[in-house]
Amino acid sequence: YGNISDPLNYDATERISAGYVSAKYSYRDLQVIAGARVEHTNQGYTLKYTTEGAKNNDNQTYYDILPSVHLKYNVHKDANIRLSYYEAINRPSFFEIVPYNIINEDFKERGNPDLKHTVAHNFDLRYEYYPRPSEQFMAGVFYKDIKNPIEYGFVPGFGQDTYYMPVNYGRARNYGLEVDFIKYFNKFGVKANYTFTCSDITTTKKNLIPNPDVNAETNTVVEYVDQSRPLYGQAGHVVNVSALFNDTKRGWDAQVSFSYTGPRLVIVSQWLNDDTWQAGFVQMDASVEKRFKNGVTIFAKASNLLNSPMIQYVTVNSQNEKRDPSIEMYKKGIVERKERYSQNINLGIKYKF
């Protein structure tokens, strides 16, 4: 249980009650499943040690009615078209709603007892084709209307304090397309998927402008402007490609995989054009496994073979245009953080009794 300065200074509870009703209807090649789920959530916490200025105990109670409709149409024996709508929720984690306080080297971090749960309306249309048991091709589009998404950003506190914390900024949209397929050529195969996503949310930002009052003591004043931006953590492009080898008869199974995650916003700033982004990230992994008839299996796994750097940066704006030349730059923005995690290789042996 630690002490008053320990961020784990709390007991938390979450009680969920749920019930649902559904119906299924089939007519020739069409199948319809519709229903609704009702959930009651009771989530709360109590701090083990009283903390001045914080909510020492709190409780959130709410109901959600979550309808859904799923339609499946058999185009032919091996192919379907699916159309669906469903409502879903995302509850805050325990740690997000507890008013902990951590003083980091660069900023202060805290929880948010006023954080609300997320409610999303989801629409999906997908075509799927299964030419063989081990092969597939799927392509679809999606749209999500999201109320109170949970994002992380810097929020003003008391005086000059600024806290990094989870926040609900409003309503967002998320839409795009995805393609997924697996194809084998004898013992060799290719597995790939690609997701393209657009998202937007409009939030109020601060902006420093010249003071129109030339006789004032300060040269600048703060104005508040609305700015549209992508959702926190949402990459526009995500690609995964794997080369496969599978020889069941001789007990060999191997894979080389490549993944790319495009740039994404990782910290929401209270200032205009001052959000923190993570650069696009490439990763390559490999694995091989050999199974013997006596139950012994030997394997090797390697991850992060390219040792690509993780880069967080702030895009160029009016505040950082004039910068020290010694500061590291990325795409004309200022690098806030750069890390490498090195390669990791595991070798092992297994025995199945």
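Reader: Which residues make the nonpolar surface patch of about 680 Å²?

Author: In this predicted model, the nonpolar surface patch of about 680 Å² is made by Val 69, Leu 71, Tyr 73, Val 75, Ile 81, Leu 83, Leu 125, Val 141 and Leu 177.

Reader: What makes these residues one patch?

Author: Patch residues have over 30% relative accessible area and no salt bridge, and nonpolar side chains are joined within 5 Å. Leu 83, in strand β4, is one of the residues in the patch.

Reader: Which strands supply at least two residues of the nonpolar patch each?

Author: They are β3 (57-76) and β4 (79-90). The largest share, four residues, comes from β3.

Reader: What is the strand order in the open sheet of four strands?

Author: The order is β5-β6-β10-β9, with mixed pairing. β5 (101-103) and β9 (150-156) each have a single partner strand, so they stand at the edges and one side of each is left without a neighbour in the sheet. From one strand to the next, the twist averages 30°.

Reader: How do you know that β6 and β10 pair?

Author: Two strands pair if there are at least two bridges between them. Strand β6 (residues 108-110) and strand β10 (residues 162-168) have two bridges, so they count as paired, in the parallel sense. Lys 108 has Tyr 163 as its bridge partner in β10.

Reader: What joins β9 to β10?

Author: Seven bridges join them, and the two strands run antiparallel. Pairing needs at least two bridges, so β9 and β10 count as paired. Glu 151 has Val 167 as its bridge partner in β10.

Reader: Why is β10 called mostly covered?

Author: Six of the seven residues of β10 are buried. Buried means under 20% relative accessible area.

Reader: How far apart are Gly 233 and Glu 151 in sequence and in space?

Author: They are 82 residues apart in sequence and 8.1 Å apart in space, C-alpha to C-alpha. Gly 233 is in the loop between β13 (220-229) and β14 (237-247). Not counting residues up to four places away in sequence, Gly 233 touches Arg 264 and Leu 265.

Reader: What makes Gly 233 partly exposed?

Author: Its relative accessibility is 35%. Buried is under 20% and exposed is over 50%, so Gly 233 falls in between and counts as partly exposed.

Reader: Is Asn 304 buried or exposed?

Author: Asn 304 has a relative accessible area of 8%. The limit for buried is under 20%, so Asn 304 is buried. Asn 304 is in the loop between β19 (296-303) and β20 (310-314). Its phi is near 55°, a positive value in a residue other than glycine.

Reader: Why does Lys 332 count as exposed?

Author: Exposed means over 50%, and Lys 332 has 63% relative accessibility, so Lys 332 counts as exposed. Lys 332 is in the loop between β21 (329-330) and β22 (333-339). Phi of Lys 332 is near 70°, a positive value in a residue other than glycine.

Definitions and conventions:
Residues are numbered from 1 along each chain as its sequence is written. This is a predicted model: local features need pLDDT of at least 70, side-chain atom pairs count only at pLDDT 80 or more; totals for chains, interfaces and linings use all residues. Side-chain values use heavy atoms; hydrogens and water are left out. Patches are made of residues with over 30% relative accessible area and no salt bridge: like charges are joined within 9 Å, nonpolar side chains (Val, Leu, Ile, Met, Phe, Trp, Tyr) within 5 Å. Accessible areas come from the Shrake-Rupley method with a 1.4 Å probe; for residues, only the protein chains shown count as cover. A salt bridge is a side-chain nitrogen of Lys or Arg within 4 Å of a carboxyl oxygen of Asp or Glu. Axes are lines fitted to C-alpha atoms, for helices over the stretch in contact, and angles run from 0 to 180 degrees between N-to-C directions. Buried means under 20% relative accessible area, exposed over 50%, partly exposed in between (1.4 Å probe, protein chains only). Contact means heavy atoms within 4.5 Å.
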